[in-house]
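This briefing goes through a protein model by topic, from the overall fold to single residues. Please keep the sequence and the structure at hand while reading.

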Amino acid sequence: MTSPAELCARAVAYWSRKVLNDDTYGDYQSMGLSNTQYEILRRVVAAARPVRQRQGTDVAQHLIDRQARADCAERYRDGASGKGPWQ
């Protein structure tokens, strides 16, 4: 079974790449993210943008993966709050 932290990391990384490439944010609900996950996405993208400019897209995408995993692991360190991983 996939943990809530892993589900979060996958979703945040996926949408972070989209936002980084399109340079625009969508509505968090249309992305299927919780408000907290959307906040993580915004932090991840903010960190990835200058890295992409200085070091390229591949390095920025690796940073997205690492930071999404770390931030989601922190968010769900005590397990999922509420009724599911989208809280």
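Helices here are DSSP runs of H or I with at least four residues, numbered from the N terminus. By that count, the place of His62 is in helix 4. The model is predicted, and its protein chain has four helices and zero strands.

**Overall fold and confidence**

- Along the sequence, the protein chain reads α-α-α-α.
- The protein chain has 87 residues, of which 33% count as buried.
- Taking contacts in the protein chain between residues at least 6 apart in sequence, 62% join residues at least 24 apart.
- The average pLDDT of the protein chain is 90, and 90% of the residues score at least 70.
- Confidence is highest in helix 4, at a mean of 97, and lowest in helix 2 (residues 28-31), at 90.
- Where pLDDT is low, the predicted coordinates should not be read in detail.

**Helix 1 against helix 3**

- Helix 1 (residues 4-22) and helix 3 (residues 35-55) have axes that come within 9 Å and cross at roughly 50 degrees.
- That angle makes helix 1 oblique to helix 3.
- The crossing of helix 1 past helix 3 is right-handed.
- On the side of helix 1, the residues in contact are Cys8, Val12, Trp15, Ser16, Val19, Leu20 and Asn21.
- Their partners in helix 3 are Gln37, Ile40, Leu41, Val44, Val45, Ala48, Arg49 and Arg52.
- Sorted by class, this contact of helix 1 with helix 3 holds 10 nonpolar, three polar and two charged residues.

**Helix 3 against helix 4**

- The axes of helix 3 and helix 4 come within 8 Å, with a crossing angle of roughly 155 degrees.
- An angle over 145 degrees counts as roughly antiparallel, and helix 3 and helix 4 are therefore roughly antiparallel to each other.
- Helix 3 passes helix 4 with right-handed geometry.
- Helix 3 contributes Thr36, Ile40, Arg43, Val44, Ala47, Ala48, Val51, Arg52 and Gln55.
- Helix 4 meets them with Thr57, Val59, Ala60, Leu63, Ile64, Gln67, Ala68, Asp71, Cys72 and Arg75.
- The classes in this contact of helix 3 with helix 4 are 11 nonpolar, four polar and four charged residues.

**Helix 1 against helix 4**

- For helix 1 and helix 4, the axes come within 8 Å and cross at roughly 145 degrees.
- Helix 1 passes helix 4 in a crossing that is right-handed.
- The contact of helix 1 with helix 4 comprises 11 nonpolar, two polar and three charged residues.

**Asp71**

- Asp71 lies in helix 4 (residues 57-75).
- With a relative accessible area of 19%, Asp71 is buried, because buried means under 20%.
- Apart from neighbours within four places in sequence, Asp71 is in contact with Ile40, Arg43 and Val44.

**Partly exposed residues and their spacing**

- Arg10 is in helix 1 and is partly exposed, at a relative accessible area of 48%.
- Between Arg10 and Arg69 there are 8.0 Å from C-alpha to C-alpha, although the two are 59 residues apart in sequence.
- His62 is partly exposed, with a relative accessible area of 48%.
- His62 and Ala48 are 14 residues apart in sequence, and their C-alpha atoms are 9.0 Å apart.
- Thr57 has its place in helix 4 and is partly exposed, with a relative accessible area of 34%.
- A distance of 9.6 Å separates the C-alpha atoms of Thr57 and Arg17, which are 40 residues apart along the chain.

Conventions. Residues numbered from 1 in each chain as written. Predicted model: local features only at pLDDT ≥ 70, side-chain atom pairs only at ≥ 80, totals over all residues. Heavy atoms only, no water. Axes fitted to C-alpha atoms, helices over the stretch in contact; angles between N-to-C directions. Helix = DSSP H or I, 4+ residues; strand = E, 2+ residues; numbered from the N terminus. Parallel < 35°, antiparallel > 145°, perpendicular 65-115°, else oblique. Left-handed = near helix turned anticlockwise from the far one by under 90°. Contact = heavy atoms within 4.5 Å. Nonpolar A, V, L, I, M, F, W, Y, C, P; charged D, E, K, R; others polar. Buried < 20%, exposed > 50% of the residue type's maximum accessible area, 1.4 Å probe, protein only. pLDDT = per-residue confidence, 0-100.
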